[in-house]
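Okay, thanks for coming, everyone. I'd like to walk through one structure today, so let me put it on the screen.

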Amino acid sequence: MTPAQTETAADVVVDEGAAGNGRRYVFSGDWRHETAEAMSAKLKRLGKPAGGQSEFDFSGITAMDTAGAWIIRRFMNGTADEVRFAGSDRYAELILALPKQLRSPEGETARAPLFQRLFAPVGELTVSIWTDTVAAMYILGSAVRGAQMKLGRHAGVSPAAIVHQIDRMGVMATPIITLMSFLIGAIIAQQGAFQLRSFGAEIFVVDLVGILQLREIGVLLTAIMIAGRSGSAITAEIGSMKMREEVDALKVMGLSPIGVLVFPRLVALTIVLPLLTIIANFAALAGAAMVAWAYSGITIPTFLARLQEAVDFSSVAAGMIKAPFMALIIGVVAAVEGLKVGGSAESLGRRVTSSVVKSIFVVILIDGLFAIFYAAIDF
Amino acid sequence: MVQAVIGKQADAGGKGQAVLSVRDLTVGFGENIVLDNLNLEVLRGEILGFVGASGTGKSVLMRTVLRLLTKRSGTIEILGADYDKMGEAERVALDMRLGVLFQHGALFSALTVRENIQVPMREYLDLPQDLMDELARLKIELVGLAPEAAEKYPSELSGGMIKRAALARALALDPDLVFLDEPTSGLDPIGAAEFDELIAKLRDTLGLTVYMVTHDLDSLFSVCDRIAVLGKKRVLVEGTIEDMLACDDPWVKSYFRGKRARSIVREA
């Protein structure tokens with residue numbers, strides 16, 4: 001019963017002039033998907049039958065499906081005049097049930113010229129950056145406004161939703177953020193100590209780790225982690241709700257989808273990211289202290305004393321100030337992408353990917369802008 | 001009638017032979033037995049309408065027959081062969097002879113309609129692209145879609161078009177037995193009637209056997225040769241529409257002789 005076993009050969013033989021003035025075609029065997037390719041080629045080789053009457057003899061056919069029937073039907077269209085069928089009626093009936101000719105779609109679009117194909121994407125990208133910015137502003141604005149618009153029995157913000165999101169995006173992310181930062185701190189300390197050893201300045205590894213972690217790395221890596229972890233989740237959640245018309249249902253109920261869906265997530269992210277950054281900083285410094293002690297023999301009290309000298313308030317503040325901005329950007333980009341999801345599962349996947357990529361990019365961009373800003377105001 | 005023309009085993013039997021026979025089938029989830037010693041036969045060339053209250057296990061039965069769910073006990077014979085006693089190659093050969101129209105179409109959203117139809121062709125047959133394109137267009141024509149629909153994605157189609165496209169995909173390999181899960185749900189009455197006619201027409205021309213789960217009384221009255229009613233974990237009653245109207249079971253009575261059904265009977 002495998003395809004190979006059921007396959008029997010099909011054939012067609014031309015019998016010139018046997019049926020009066022026309023040609024006679026004798027079909028035999030299985031005219032099915034499996035034999036369609038060979039038979040299609042064979043019928044093409046036979047060429048267009050001459051005019052006059054032809055006869056199609058189906059008495060030798062053992063089986064036929066739409067593929068086989070279509071090939072014969074297509075061949076028949078070539079015959080100028082009348083076709084008579086001989087043999088089994090049921091095959092003729094099947095062939096005649098098929099449309100005579102396939103309609104081709106109207107207004108088939110021609111391929112665009114090379115110039116257009118080259119520059120159209122550039123233009124589209126430019127426009128999409130602008131519309132993305134506008135959409136982000138819209139979401140930011142309506143997140144604030146949407147929260148005020150909820151004039152039902154409840155107050156503007158629903159604390160339960162925010163707390164739930166804080167739990168999911170913050171509390172549950174704590175272990176991985178802690179572990180990651182601990183390792184990063186340890187790695188920076190080890191690399192720093194190794195390089196500084198040749199100058200006999202190993203103690204400055206404390207300055208290195210302290211300033212680098214508190215000003216830059218701590219908040220940056222936490223934000224990137226959260227963009228991958230929570231940004232993608234926000235896009236997927238909002239996107240799948242969009243796909244199933246749940247977002248439309250909210251609108252129809254008079255609720256602002258952005259107020260209900262986006263606002264709690266934005267607030268939760270803005271609260272959570274600074275807190276996670278603090279945890280990350282502590283974990284990284286602990287990792288650095290451990291490595292400094294084990295690798296360079298800097299004791300913990302020495303480490304702490306040196307840290308107090310190296311790090312001042314501005315180092316801590318410079319890092320922490322960035323956190324809420326990055327949180328907002330991650331949340332807004334994720335929401336923009338989530339609301340762009342169309343009807344298909346594929347578009348959801350594409351949007352989640354672009355949400356993560358865009359938010360990580362923008363987070364790094366913002367970090368750079370802050371660095372320039374701090375340098376300019378000598379912070 | 002061109003019935004059984006498509007039969008891959010030449011002259012495998014005419015009308016009246018069982019294409020699907022389910023014997024003593026029991027299916028359950030945990031403690032909950034959904035189908036208990038159920039028996040059912042579908043005959044070659046017929047359109048069997050399958051009805052039952054929501055939650056009685058119509059979908060469970062269809063999914064069990066298609067082996068998307070596992071059964072507790074009983075035998076299922078499709079096209080004269082017991083699936084449990086088959087080898088890998090035979091199972092693949094059998095799958096080629098079945099077509100399924102899922103309730104929501106289940107078209108692959110990342111592919112166009114034409115590519116959807118070509119998925120089974122590509123998988124099982126070794127055809128050149130231009131012939132496959134032609135066959136896909138033929139199937140699109142057969143189910144009554146506009147040729148423009150070929151290059152559209154499922155998200156760009158209306159509900160009725162999705163059903164037709166899904167039917168075209170189910171018919172891609174000229175199956176012997178087609179399962180339709182609520183083919184007319186969500187269609188307007190005119191679209192539903194057209195779909196019913198389409199199924200009857202395809203049955204006549206292609207010699208299909210159709211297993212149709214439906215709630216549409218119009219379909220049951222107009223195209224179904226036989227009707228089976230599922231209830232109390234088994235097939236309550238099966239037979240023609242007259243048998244249904246004569247049946248004494250309270251559920252069957254209220255289903256076929258309720259207000260909505262009566263208006264159809266009056267028209268008929």
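If you take contacts in chain B between residues at least 6 apart in sequence, 67% of them join residues at least 24 apart. Keep in mind that this is a predicted model.

Staying with chain B, we've got 10 helices and 10 strands. Of its 268 residues, 55% are buried. Its accessible surface is about 11,200 Å², and carbon and sulfur atoms account for 51% of that.

Now let's zoom in on a helix pair. Look at α3 of chain B, residues 113-124, and α4 of chain B, residues 129-142: their axes come within 9 Å and cross at roughly 120°. As for handedness, the crossing of α3(B) past α4(B) is right-handed. So who is touching whom? On the α3(B) side you have Val113(B), Arg114(B), Ile117(B), Gln118(B), Met121(B) and Arg122(B), and α4(B) brings in Gln129(B), Met132(B), Asp133(B), Leu135(B), Ala136(B), Lys139(B) and Ile140(B). Sort the residues of that contact by type and you get seven nonpolar, two polar and four charged.

Last stop, over in chain A: helix α12, residues 313-339. How far apart should its ends be? Well, at 1.5 Å a residue, the 27 residues of α12(A) should span 39 Å, and the end C-alpha atoms sit 40 Å apart, so that agrees.

Note on methods
Residues are numbered from 1 along each chain as its sequence is written. Chains are lettered from A and ligands numbered from 1 in the order in which they are written. This is a predicted model: local features need pLDDT of at least 70, side-chain atom pairs count only at pLDDT 80 or more; totals for chains, interfaces and linings use all residues. Side-chain values use heavy atoms; hydrogens and water are left out. Axes are lines fitted to C-alpha atoms, for helices over the stretch in contact, and angles run from 0 to 180 degrees between N-to-C directions. Helices (H or I, at least four residues) and strands (E, at least two) are DSSP runs, numbered from the N terminus. A crossing is left-handed if the near helix is turned anticlockwise from the far one by less than a right angle, and right-handed if clockwise. Contact means heavy atoms within 4.5 Å. Ala, Val, Leu, Ile, Met, Phe, Trp, Tyr, Cys and Pro count as nonpolar, Asp, Glu, Lys and Arg as charged, and the others, Gly among them, as polar. Buried means under 20% relative accessible area, exposed over 50%, partly exposed in between (1.4 Å probe, protein chains only). Accessible areas come from the Shrake-Rupley method with a 1.4 Å probe; for residues, only the protein chains shown count as cover. The expected span of a helix is 1.5 Å times one less than its number of residues.
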